[in-house]
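The stops below go from one selection to the next.

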Amino acid sequence: MSEAVQSEVQNFIRETVTGHPVVLFMKGTAQFPQCGFSGRAIQILKETGVTKLVTVNVLEDPEVRQGIKDYANWPTIPQLYVKGEFIGGTDIMNEMHQNGELAQLLKDAGAIE
């Protein structure tokens, strides 16, 4: 990947995560997740009642798929961002969902009505 493309991808990621209250980079879409972890991440978010969610299907763009791993310095997908901040993957989301932290975080972000 050229430096120009890499820079463009990083700008796209930064604008996406800072321009929306909740962003999930995932494999597939919310309607049709393409891996079990992405499916579980969507299920967790639905259970919290999130209403303002943007998803990015990394399978549509190999540069974004690699770029998001570089952006967060996190090797796996899905990746959840709330108010521009990297929260974690499915395991972290699951743990935060179980103890109520995730719902509170999403509520504070204005993503749950």
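Select α4 (residues 90-98) and α5 (101-108). The two helices pack at an angle of about 90 degrees, with their axes 5 Å apart, and are therefore roughly perpendicular to each other. Axes here are lines fitted to C-alpha atoms, for helices over the stretch in contact, with angles from 0 to 180 degrees between N-to-C directions; under 35 degrees counts as roughly parallel, over 145 as roughly antiparallel, 65 to 115 as roughly perpendicular and the rest as oblique. Helices (H or I, at least four residues) and strands (E, at least two) are DSSP runs, numbered from the N terminus.

Show side chains at this contact (heavy atoms within 4.5 Å): M93, M96 and H97 come from α4, and E101, L102 and L105 from α5.

This is a predicted model, in which local features need pLDDT of at least 70 and side-chain atom pairs count only at pLDDT 80 or more, while totals for chains, interfaces and linings use all residues. Residues are numbered from 1 along each chain as its sequence is written, and side-chain values use heavy atoms, with hydrogens and water left out.

On the α2 side, pick F37, R40, A41, I44, L45, E47 and T48; their partners in α4 are T90, M93, N94, H97 and Q98.

Next, select L24, L45, L80, M93 and L106. Of the 19 residues in the largest nonpolar core, these touch the most other members. A nonpolar core is a set of buried Ala, Val, Leu, Ile, Met, Phe, Trp, Tyr and Cys residues joined through side-chain atoms within 4.5 Å; buried means under 20% relative accessible area, exposed over 50%, partly exposed in between (1.4 Å probe, protein chains only). At least two residues of this core come from each of β1 (22-26), α2, β3 (79-82), α4 and α5, and α2 gives the most, with four.

Centre on L80. Leaving aside neighbours within four places in sequence, L80 contacts residues including V22, L24, L45, F86, M93 and L102.

Last, go to V50, in the loop between α2 and β2 (54-57). Is V50 buried or exposed? V50 is buried, at a relative accessible area of 16%. Beyond four places in sequence, V50 touches V22, L45, L106, A111 and I112. Draw a distance from V50 to I112: their C-alpha atoms are separated by 4.7 Å, although the two are 62 residues apart along the chain.
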